[in-house]
Amino acid sequence: MQVAEMPGGSCRLITYEFVEAQVDQIDDSQQRFCLTFPLDLQRILRSVAQVGVLEPLILRRAESRYQIVCGFRRFLACKALNRTAFPALVCRDPLSDRQAFDLALWHNVSARRLNDVEISRILRKLQKDLGVPQEEIIRTYLPILGLEPHETIRRRYAGLANLSEGLHLLIAEKNLPIQVSSLFLRFSAEDQEALLNFLHMVPSGVNRIKEMLPYLLEIREREGISVAEFLREPELARCLDEKSGPAPQRSEKAREYIVRRRFPQLSRLKEEVNQKIRALDLPPPVSLVFPPGGEGGKLRASIEFPSKKELEQEIAVLQKLLVSSELDDLLGVLSRGSP
Amino acid sequence: MIRYQPSTVMIDNRVLGSPMTQTVIKNLPDVPRRIISDPAELTPEMRFPGTSITVGKRTLFLTAHKGKFLKKCPGTAGEVCCNYYVLNPLSNCSFECSYCFLQTYLNNPFLVVYTNMEEMLEEVEAALAANPGRPFRMGTGEIADSLALDHITEMSRLLVPFFAAQKDALLELKTKSAQVENLLDLDPKGRVVISWSLNPQRIISQEEHKTASLEERLSAARRCQEAGYKIGFHFDPLIYSPRWEKEYKELLDQLFSVIDSRQILWVSLGGFRYPPELKEVMEERFPKTRLLYEEFVPGQDGKMRYLRQVRIQMYRTLHALIRSRNPRVFIYLCMEGPDVWKDVFGWSPHCQVTANELFHEQGGRHEFF
């Protein structure tokens, strides 16, 4: 016998019967209670192959067959390994869809942290499949999912369910924060697909994706072109060409191209400043650097020295620089773009 | 303009008897009221995003202000300070400007009216008494629109006579509304400036939701001018777009066709800037806003600004256009450093004392001080 506490304030005891269920007794046509995404079987296959199903699945009766409430991955592993039977707990009393869903939900949240795609799919199922009112979803289910009970939060997570399977995989695999993954919703379906292909071609971490998505949206708005069109541009394609170097290098080139398009004035300014810095031909221990984003409208100067003698030499370089017209010229260019 | 009508008036029971509360109740007879015994009971409701900004504004909250009403304008790090004082009898705004900094600045979502007005006026009197002969400029438009709720609070009818009786103070009521009815039969005695934040109508329609149209604002300014008020205009935020030059020129043409430029006390210019955390809120609340698509760089104060060359070009253009209509109009820059002042005007106040003196000279020219 096992005890389950149901959400919504109604506690009830569920009693189970332990059975050796046959694979062909399972009606696996509906996956309403399957909450896991992605259904990655790699590890469970190894485990079931080695030691069998360690934890019984939870089933409910559906006419003459059973439906899975908890344990889809274990079931699929058994099927894949041609197992004919597995241990299971069958609810003695009829279990409504809502009760079964709640049971599956508690089973999952008690054992692991759900990813954002799983949360979005759960919210979608609660609303669309089970007809749970929004207010109840917010009040009862968001806290179960570890979220604050607010409509804005419900809406943000529920929106992710509208994204494609491919993007769901990307979000889950990269464990993208909701602030980043919800940005995908601002792209059209065509743009989402183009973006997905792009992100597959340019291996990107969370930070890179977080930086790129707003830029792409903003380029779309600034230039009035779709993101799909932009990502097809020959110059960007050249950045992505495998011949142009290893993946991280290609990724950086693509990033630079996108940044140039998003910030054309600032990029031109940066290029002009850098050209002028290069023209100064400063000896390597002395350097001037254009700060990221032109922050503060200031140049950063640095020197490195192992001895007083070298310090003296580098100070002399800086003193010469101080009275040069080239420095005035450089600072004049810099001031145009300063904040 | 959409006149503000709350869905609930929430009243701190400690201010039930105050004259301001009675005025609000008189002007909102059919709006449901909720009396609360302790503002602490609102804590869960006051937490964002529990009550969203949009929903929060539907509640008008009457309570007493516990701290100081009068504060020095915080200005911004490294920029020229003009020594302005802010007076905060209101908090939050019924208008919905996409770029409004209050969206990330305030810590509660309600529209708040502080009803202990007598204490506020006593505080002003005390500040003036403590600094005899020192002229003060102060305004109520820092964390609220000075006139957007005036049909409910009638606050201007308290403030104008009070400041009209002060020797060394000048009150600025800054607004994007056209609600000037309460002002027109009062005599400001030269101590009250009504000022409007202006933008081209396209920007008003796209970004300054629920506010008065440009035509309504200018018409209200004209009425105030005719009623004896000095007026001011704030081109702040100045918004860059490919059409900015044409649109602002047309705006100035319209302005000077309606307003007597000799009666303009001051004009400020300030490029659109925003704290980085505002971006997400703007995108969420105003997905159609186009303001964030320009190029911005972070300034010393952390706020994002247009590139300096862009701002200077805009300031110079507006400065020249305004001066071509009236060379004596006093124009200043808001939240810009001395170097930008120099690039635009050819000089800059070397310190806040100088900046303050400029205003006082201007006030003197208009017989304010």
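The largest pocket holds about 1500 Å³ of space. Its lining has 42 residues, and those closest to its centre are Glu211(A), Pro214(A), Tyr215(A), Glu218(A) and Lys279(B). This is a predicted model, where local features need pLDDT of at least 70, side-chain atom pairs count only at pLDDT 80 or more, and totals for chains, interfaces and linings use all residues. Residues are numbered from 1 along each chain as its sequence is written, chains are lettered from A in the order in which they are written, and side-chain values use heavy atoms, without hydrogens and water.

**Confidence**
- Chain B has a mean pLDDT of 90 (the predictor's confidence in each residue, from 0 to 100).
- In chain B, 90% of residues reach 70 or more.
- For the complex, the predictor gives an ipTM of 0.78 and a pTM of 0.83.

**Pocket lining**
- A pocket is an open set of points on a 1 Å grid over the protein atoms alone, where a 1.4 Å probe fits, with protein on both sides within 12 Å along at least five of seven lines; lining residues have an atom within 4 Å of a point.
- Volume is the space filled by probe spheres set on the points, which are joined across faces, edges and corners.

**Ser241(B)**
- Ser241(B) counts as buried because its relative accessibility is 8% (buried means under 20% relative accessible area, with a 1.4 Å probe and protein chains only).

Notes: Buried means under 20% relative accessible area, exposed over 50%, partly exposed in between (1.4 Å probe, protein chains only).
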